Amino acid sequence: MCNWVVQNNSENPFRLYVYLKLSYPSGKIHWDNYNIDCASLTLCKTTKTVKSNFSRLEKLEWLHYDEDYQFYRLMSLEKIRQKYNWVSRRAYPFTYKDVTHIRATLGAIIYTQPYKTYCRKHFKRSSNVLKSRSADETITFSCDTKKYAEVSVLSIKEFFGITINKAVRLKQAAERWGLIEVKKQYLKLQKNQVYAAKKGNEYRDESQNIVFLNGSYYIQQIDKIYTELYFKRRKKIETL
């Protein structure tokens, strides 16, 4: 679900959906002025914005109005999953804290997926496995103590079908909120190598990754990231 949200630029209505899911576990919503104001205060958004995102959820058919009982019904995660034919059982346990910085959380979720794949491929499995809040829901994998993995924005762009700019913004947001750690990598250039490196990028039609730091030129390489974000497997496949 999170992947779809990022791919379809639906972060704002998704933020409201998560809030409603946490606030109304029964799925029954009396959407009056009081509850709109509560949502506005929690999400730090104007009531106009909240109402607009509520309308977007209706258009997505993630909720609907029940004429017989005169309240809104929030569609269950399982029904949404079936509607979009999502097969993954991985889930991230959202909290009220996440709704205040939903893009950072989504960015961490996006980058954690290739991070775990990289770890499984390049590092030995550790006995110190990250666990979800319930011991029988463990599916996450932890590398040995703080192993960083190379995850490029180009790979995020290609795998998730988003723009480079969005991939960069998601990573920056996740790092800013402390959900992932990013380690820059640089390769120092000699003065006679700078011109050739720049021309090489132009010839390959690649963005310039030559940076000037502390009096020297460097090639900025793929960032390394580290994350302790965990997923869990939902038995009922009700996955975010």
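Modeller: Two strands are said to pair if DSSP finds at least two bridges between them. Strand 8 and strand 9 meet that test, with four bridges joining residues 210-213 to residues 216-220. The two strands run antiparallel. Keep in mind throughout that this is a predicted model.

Start with the hairpin itself. One of its facing pairs is isoleucine 210 and isoleucine 219, the latter in strand 9. Two residues separate strand 8 from strand 9. Asparagine 214 sits in that turn, with a positive phi of about 50°. In general, most residues other than glycine have a negative phi.

Now compare a second hairpin, built from strand 2 and strand 3. Here four residues lie between the strands. Strand 2 covers residues 63-66 and is joined to strand 3 by four bridges, again in the antiparallel sense. The turn holds glutamine 70, whose phi is positive at about 60°. Aspartate 66 is opposite phenylalanine 71 of strand 3. Tyrosine 65 is opposite tyrosine 72 of strand 3.

Strand 1, residues 28-29, pairs with strand 3, residues 71-74, over two bridges and in the antiparallel sense.

Glutamate 61 lies in the loop that links helix 4, residues 47-60, to strand 2. Its phi is near 65°, a positive value in a residue that is not glycine. Is glutamate 61 buried, exposed or partly exposed? Its relative accessibility is 49%. Exposed would need over 50% and buried under 20%, so glutamate 61 counts as partly exposed. Asparagine 9 is another non-glycine residue with a positive phi, about 50°. Asparagine 9 is in the loop between helix 1 (2-7) and helix 2 (11-23).

Helix 2 takes us to a helix contact. It packs against helix 3, residues 33-43, at an angle of about 115°, and the axes are 11 Å apart. Angles of 65 to 115 degrees count as roughly perpendicular, so helix 2 is roughly perpendicular to helix 3. The crossing is right-handed. Helix 2 contributes Arg15, Leu16 and Tyr19 to the contact, while helix 3 contributes Asn35, Cys38, Ala39, Thr42 and Leu43. By class, that contact has five nonpolar, two polar and one charged residues.

Helix 7 (residues 102-122) packs on helix 9 (residues 164-176) at about 105°, with axes 7 Å apart. That angle makes helix 7 roughly perpendicular to helix 9. On the helix 7 side you find Arg103, Ala104, Gly107, Ala108 and Tyr111. They meet Ala167, Val168, Leu170, Lys171, Ala173 and Ala174 of helix 9. The classes are eight nonpolar, one polar and two charged residues.

Strand 10, residues 224-226, is joined to strand 6 by three bridges, and the two run antiparallel. Lysine 183 faces lysine 224 of strand 10. These strands belong to an open sheet of three strands with the order 5-10-6 and antiparallel pairing. Its edges are strand 5 (149-150) and strand 6 (181-183), each with a single partner strand, so one side of each lacks a neighbour in the sheet.

Last, the overall count. The protein has ten helices and eleven strands. Of its 240 residues, 43% count as buried. Among contacts with a separation of 6 or more, 69% join residues 24 or more positions apart.

Notes:
Residues numbered from 1 in each chain as written. Predicted model: local features only at pLDDT ≥ 70, side-chain atom pairs only at ≥ 80, totals over all residues. Heavy atoms only, no water. Buried < 20%, exposed > 50% of the residue type's maximum accessible area, 1.4 Å probe, protein only. Axes fitted to C-alpha atoms, helices over the stretch in contact; angles between N-to-C directions. Parallel < 35°, antiparallel > 145°, perpendicular 65-115°, else oblique. Left-handed = near helix turned anticlockwise from the far one by under 90°. Contact = heavy atoms within 4.5 Å. Nonpolar A, V, L, I, M, F, W, Y, C, P; charged D, E, K, R; others polar.
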